[in-house]
Amino acid sequence: MPSTVVLEKKKQQVAALSDRIKASCAGIIVDYKGINVEDDTKLRKELREAGVEYTVVKNSILARAAEDAGLKIENSVVEGTTAVATSVEDYVAAARILNKYAEGHDNFNIKTGYLDGEIIDDAKIVSLAKLPSREVLLATVCSVFNAPIAAFARGVQAIVDKGGVEACEPEAKEEAPSEEAPAEETAPVAEEAPAAEEAPKAEEAPAEETAE
């Protein structure tokens with residue numbers, strides 16, 4: 001019969017794994033049978049660098065932790081050798097790395113996986129594994145949003161380089177006289193009328209002096 005110390009230790013392990021599953025956005029459960037030490041070391045390193053926590057667990061611990069976390073896994077999942085890979089932020093990393101490794105190693109198999117607390121089937125795991133990495137996805141999204149922003153920024157900078165809003169005012173003032181040009185052109189015509197110059201000559205005619 002297990003001692004109190006052993007039971008307490010198992011409770012702590014169940015609680016820790018349950019909290020880890022609850023805190024993760026995605027996870028993959030694998031059968032790591034047949035993996036050698038060298039390959040295991042390389043695989044753990046790659047997962048760690050991608051922000052994925054990977055640990056070997058006892059099936060009894062996983063079964064209780066999954067139940068406590070509300071994760072409904074099949075009985076076949078908690079058989080054989082078992083390791084759990086979880087990620088807090090990256091939905092793709094664990095599936096991408098482990099699926100790639102499983103394709104090159106016959107004795108290494110993916111048992112199941114989950115996203116946001118829901119079990120997903122093998123087809124979804126494979127589809128997830130084929131998605132770009134989180135960094136690539138973020139870079140793609142940023143490039144899409146940055147394109148119009150960059151164009152807007154260039155337009156604003158062009159205005160700033162020309163002197164800001166004040167640089168636009170002289171142009172407005174120069175355009176104003178051009179609209180009133182017809183009025184100025186017609187004024188000189190009235191002043192140059194010949195009738196105004198001949199009028200004084202008519203008043204100074206000598207005909208009235210000879211009549212007396």
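## Helix H1

On one side of helix H1, the residues Thr4, Val5, Lys9, Lys11 and Gln12 are exposed. This comes from a predicted model. The residues of H1 that are buried are Val14, Leu17, Ser18, Arg20 and Ile21. Looking down the axis of H1, these buried residues fall within an arc of 160°, so they line one face of the helix. The cover over them includes E2, helix H3 (59-68), E3 and E4.

H1 runs over residues 4-23, which makes 20 residues. At 1.5 Å a residue H1 should span 28 Å, and its end C-alpha atoms are 29 Å apart, which agrees.

## The protein as a whole

The protein has 9 helices and 5 strands. Along the sequence they follow the pattern α-β-α-β-α-β-α-β-β-α-α-α-α-α. Of the 212 residues in the protein, 27% are buried. The accessible surface comes to about 15000 Å², and carbon and sulfur atoms hold 56% of that surface.

Contacts can also be sorted by how far apart the partners are in sequence. Among the contacts with a separation of 6 or more, 80% are between residues 24 or more positions apart.

## The nonpolar cores

In soluble globular proteins, nonpolar side chains tend to be buried together. Here the largest nonpolar core has 23 residues. Ile28, Val30, Leu43, Leu47, Tyr54, Leu98 and Phe108 have the most contacts inside this core. Two or more residues of the core come from each of strand E1 (26-31), helix H2 (37-49), strand E2 (52-56), strand E3 (83-87), helix H4 (93-104) and helix H5 (122-129). H4 gives the most, with 7 residues. There is also a second, separate core of 14 residues, which includes Leu17, Ile61, Ala65 and Tyr114.

What does Val30 touch, leaving out residues up to four places away in sequence? Its partners are Tyr54, Thr81, Thr82, Ala83, Leu98, Phe108, Asn109, Ile110 and Lys111.

H2 has 13 residues and reaches 18 Å from its first C-alpha to its last, close to the 18 Å expected at 1.5 Å a residue. Its buried residues include Asp39, Asp40, Leu43 and Leu47. These four cover an arc of only 100° around the axis, which puts them on the same side of H2. Val37, Glu38, Lys42, Arg48 and Glu49, on the other side of H2, are exposed. E2 and H4 are among the elements that cover the buried residues of H2.

In H5, the residues Ile125, Leu128 and Ala129 are buried. They too cover an arc of only 100° around the axis, which puts them on the same side of H5. The buried residues of H5 pack against E1, H4, E4 and E5.

## The aromatic pair

A pair of aromatic rings is described by the distance of the centres and the angle of the planes. The structure holds 1 aromatic pair. It is formed by Tyr101 and Phe108, with 4.8 Å centre to centre and 75° between the planes. An angle over 60 degrees counts as edge-to-face, so the pair of Tyr101 and Phe108 is edge-to-face. Both Tyr101 and Phe108 are buried.

## A positive phi at Asp116

Most residues other than glycine have a negative phi. Asp116 is not a glycine, yet its phi is positive, at about 50°. Where does Asp116 lie? Asp116 is in the loop between strand E4 (109-115) and strand E5 (118-120).

Note on methods
Residues are numbered from 1 along each chain as its sequence is written. This is a predicted model: local features need pLDDT of at least 70, side-chain atom pairs count only at pLDDT 80 or more; totals for chains, interfaces and linings use all residues. Side-chain values use heavy atoms; hydrogens and water are left out. Rings of Phe, Tyr and Trp (its six-membered ring) pair if their centres lie within 6.5 Å; planes under 30 degrees apart count as stacked, over 60 as edge-to-face and the rest as tilted. Buried means under 20% relative accessible area, exposed over 50%, partly exposed in between (1.4 Å probe, protein chains only). A nonpolar core is a set of buried Ala, Val, Leu, Ile, Met, Phe, Trp, Tyr and Cys residues joined through side-chain atoms within 4.5 Å. Contact means heavy atoms within 4.5 Å. Accessible areas come from the Shrake-Rupley method with a 1.4 Å probe; for residues, only the protein chains shown count as cover. The expected span of a helix is 1.5 Å times one less than its number of residues. The arc is that of the directions from the helix axis to the C-beta atoms.
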